[in-house]
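Please read the points below with the model open beside you.

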Amino acid sequence: TEFNKKQRNIGRWQKMAKLHAFTVYYVKKARNHRWRCSNVTFWCVDEHLCNQWIQALKELLEMQKSRPKQLLVYINPYGGKRQGKRIYEQKVAPLFSLASISTDVVITEHANHAKDNLFEVNIYKYDGVVCVGGDGMFSEVMHGLIGRMQKDSGIDQNNPKASLVQCNIRIGIIPAGKKGLTFSLIYSFILELFLIHNFLDLGLSPLDVSSVHHNNTFLKYSVSLLGYGFYGDILKDSEKKRWMGPMRYDYSGFKTFLSHHYYEGTIAYQPAKHTHGSPRDKESCRTGCCICKESEKQLAEQQKECGLNHEEGEEEWKFIKGKFLAINAVSMSCACPRSPKGLSPAAHLADGSADLILVRKCSRFDFLRYLLRHTNQDDQFDFPFVDVYRVKSFQFTSKLSEDNESNVMDIGKKRFGQFCRDHPACCCNIVNSTWNCDGETLDSSAIEVRVHCQLMKLFARGIEEKCKDEAAYSQSSIEQLL
């Protein structure tokens with residue numbers, strides 16, 4: 001209503017006749033990198049002016065080409081606490097509807113359902129593929145999408161030297177299960193804002209992917225951890241004890257630590273000379289990382305000069321032979337609540353390299369000291385029995401595979417196991433360990449691994465800067481997620 005100048009600053013609410021209004025939904029950053037969803041309503045007496053504003057805002061949103069308009073969604077109804085479907089319907093779908101994002105939803109019915117389906121659907125009509133579940137669901141979607149892109153481009157995945165085609169279709173992660181990968185990628189885990197922040201805020205984070213081969217046969221892709229020895233044995237033992245729930249990892253970890261198995265073999269690796277920095281840097285990979293951006297420029301120049309389907313020439317290989325308690329290759333920090341800095345704090349998400357960590361045979365006490373370093377701020381590589389290298393590819397061959405010309409003694413070892421020279425009272429029938437590939441076991445001990453720079457893109461903006469009390473915040477935010 002009209003009011004004179006004397007009444008203008010009296011601070012009382014005024015009634016408006018013939019109201020016209022529209023509401024704008026937005027996100028704002030709060031404390032500790034938490035994002036909050038909010039809205040503001042604009043009121044107007046003039047209907048024509050109100051419609052003009054609405055139309056202008058819609059046109060501006062339409063101009064945002066990086067913003068998704070149509071998504072393919074896969075939901076795992078069985079993962080985690082079986083809350084995937086409920087989380088999507090109550091939290092995710094309403095926000096997608098507000099943002100005018102249309103979706104095609106597939107409820108997975110069995111293992112590899114999403115992976116197989118991605119080879120059949122017309123993926124090119126979608127702006128992205130979203131997986132609602134844990135790390136296993138993400139792995140399915142990743143394998144299906146990358147595999148489909150290589151198939152359509154005529155790339156043989158079984159060729160370990162082939163240069164893979166980048167996936168321009170982004171992958172979105174809605175955490176609803178095990179959160180190992182998503183914890184490493186993003187610290188802000190409040191679900192509603194996590195969705196808007198990543199899907200509506202033009203977030204795009206490239207991610208390195210490692211291909212794993214055995215005898216010119218493709219096995220799996222990895223984006224976080226490849227672990228042989230300690231972490232492989234934990235996974236293998238814990239798979240037999242799923243009835244214990246999450247406690248199985250603690251039990252298997254303690255059991256594996258007491259067994260103190262070591263494995264003999266040879267590591268061959270190619271140093272990542274193209275990347276800047278080293279695994280022992282103090283600076284971690286964060287949003288807008290300059291090292292990852294520089295790798296992106298190098299990748300674009302390489303594709304411009306050589307094309308997409310070139311094969312890299314052979315470069316110098318370095319060899320290390322020995323006895324190892326653990327062999328770990330990580331493409332990201334692998335941070336988690338129990339290890340806030342991760343296995344390799346300075347690992348980068350998109351620099352085209354992996355950090356190869358070799359833990360040589362040592363005493364139980366020394367190995368315990370190494371494990372405890374993951375929980376504090378000390379340099380976890382500062383041990384004489386720990387080596388770390390930044391590599392672009394590596395191969396591992398176990399001693400048993402090397403000796404496969406096989407004399408009678410070797411055959412006896414294979415059939416009956418061998419007595420551990422360090423622990424005569426313990427009949428160790430473990431001659432080879434198992435590779436832990438992003439939480440899934442690989443039966444082949446001899447593998448060839450190659451890192452593909454920025455093969456995949458995520459709906460994300462990278463890892464946020466650390467907050468003051470990161471460890472405490474990370475634990476609480478994870479628990480608040482579901």
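1. Ring pairs join Phe230, Tyr231, Phe257, Phe367, Tyr370, Phe383 and Phe385 into a cluster. Rings of Phe, Tyr and Trp (its six-membered ring) pair if their centres lie within 6.5 Å; planes under 30 degrees apart count as stacked, over 60 as edge-to-face and the rest as tilted. The structure has 15 aromatic pairs.

2. This is a predicted model, in which local features need pLDDT of at least 70 and side-chain atom pairs count only at pLDDT 80 or more, while totals for chains, interfaces and linings use all residues. Residues are numbered from 1 along each chain as its sequence is written, and side-chain values use heavy atoms, with hydrogens and water left out. The mean pLDDT (the predictor's confidence in each residue, from 0 to 100) is 80 for the protein, and 77% of its residues reach 70 or more.

3. Phe230 and Phe367 make an edge-to-face pair, 5.0 Å centre to centre with 80° between the planes. Phe230 belongs to helix H7 (residues 230-239) and Phe367 to helix H10, so the pair ties together parts 137 residues apart in sequence. Helices (H or I, at least four residues) and strands (E, at least two) are DSSP runs, numbered from the N terminus. Both Phe230 and Phe367 are buried (under 20% relative accessible area, with a 1.4 Å probe and protein chains only; exposed is over 50%, partly exposed in between).

4. The ring centres of Phe394 and Trp435 are 6.4 Å apart and the planes stand at 45°, so this pair is tilted. Phe394 is buried, at a relative accessible area of 1%; Trp435 is buried too, at 0%.
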